[in-house]
Amino acid sequence: MKKLLFVFTLVFVFSCKKEPEVVTNVLVEESTYSTKDLGKELFEGKGMCNTCHKEDTKIIGPSIKEISKIYRDKKASISVFLQGEAEPIVDPTQYEIMKANLQITKTMTEEELKALEEYMLSFK
Ligand code: HEC
């Protein structure tokens, strides 16, 4: 019995010792995962924005670079637009197509919208 207890204690001490290492790893991973990375993930994942917006070329929607340039020049906010609280300034004649997507972005958190904005504005 005593032997068994000793083994348990050893296992316990060992597992306690290991914990800080694991925590450090998680922290390192988090610090390299930026807001922009989250934006990219949403743009290509949940938002499915990349089906209509490519980096350089206009397909169904204007290119990300075009949107980014106009928003930077006019100092407008993409996240406000994505909440459905601002008028379109890039191509108002095609707004109906974009408007349908606001149903998705309106359900996103402020953090997610900021991430999408940061990701799009990073194209110059
Ligand atoms: C079905 C195609 C389609 C999808 C999917 C789509 N867009 Fe668009 N988007 C458009 C079109 C078309 C326009 C041009 C109309 C306009 O300017 O509002 C546009 C315009 C925009 C604009 C400029 C709005 C302005 O001020 O005129 C932004 C910002 C934008 N899209 C972001 C996004 C984001 C973020 C997503 C993903 C959540 C997304 N789009 C998904 C078609 C799409």
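**Around the ligand**

Modeller: Happy to. Let's start with where the ligand is: it sits in the largest pocket. Keep in mind that this is a predicted model. The pocket holds about 520 Å³ of space, and 28 residues line it. If you want to find its centre on screen, look for H53, I67, F81, M98 and N101, the lining residues that lie nearest to it. Several helices take part here: α3, α4, α5, α6 (102-105) and α7 (110-121) are the elements that give two or more residues to the lining. As for the make-up of that lining, 20 of the residues are nonpolar, seven are polar and one is charged.

Now for the ligand itself. A shell of 25 residues surrounds the ligand, and C49, C52, H53, Y71 and M98 are the closest of them. So H53 and M98 turn up here too, because a residue counts as near the ligand if one of its heavy atoms lies within 4 Å, and both are among the closest. By class, this shell has 17 nonpolar residues, seven polar ones and one charged one. Three helices, α3 (64-73), α4 (78-82) and α5 (95-99), each supply at least two residues of the shell.

Next come the polar spots. The side chain of Y71 has an N or O atom 2.5 Å from an oxygen atom of the ligand. N101 brings in its side chain, with a polar atom 3.5 Å from a nitrogen atom of the ligand.

Let's stay with F81 for a moment, one of the residues nearest the pocket's centre. There are three aromatic pairs in the count. In one of them, the ring centres of F81 and Y95 are 6.0 Å apart and the planes stand at 55 degrees, so this pair is tilted. Because F81 is in helix α4 and Y95 in helix α5, the pair ties together parts that are 14 residues apart in sequence.

Finally, have a look at the backbone in the loops on either side of α3. M48 is in the loop between α2 (35-44) and α3, while K75 is in the loop between α3 and α4. Most residues other than glycine have a negative phi. M48, though not a glycine, has a positive phi of about 55 degrees. K75 is also a residue other than glycine with a positive phi, near 50 degrees.

Definitions and conventions. Residues are numbered from 1 along each chain as its sequence is written. This is a predicted model: local features need pLDDT of at least 70, side-chain atom pairs count only at pLDDT 80 or more; totals for chains, interfaces and linings use all residues. Side-chain values use heavy atoms; hydrogens and water are left out. A polar contact is a pair of N or O atoms within 3.5 Å; within protein, one must be able to donate a hydrogen and the other to accept it, and residues adjacent in sequence count only if both atoms are side-chain atoms. On a 1 Å grid over the protein atoms alone, a cavity is a set of points where a 1.4 Å probe fits but cannot get out, and a pocket is an open set with protein on both sides within 12 Å along at least five of seven lines; lining residues have an atom within 4 Å of a point. A molecule sits in a cavity or pocket if more than half of its atoms lie within 2 Å of its grid points. Helices (H or I, at least four residues) and strands (E, at least two) are DSSP runs, numbered from the N terminus. Ala, Val, Leu, Ile, Met, Phe, Trp, Tyr, Cys and Pro count as nonpolar, Asp, Glu, Lys and Arg as charged, and the others, Gly among them, as polar. Grid points are joined across faces, edges and corners, and a volume is the space filled by probe spheres set on the points. Rings of Phe, Tyr and Trp (its six-membered ring) pair if their centres lie within 6.5 Å; planes under 30 degrees apart count as stacked, over 60 as edge-to-face and the rest as tilted.
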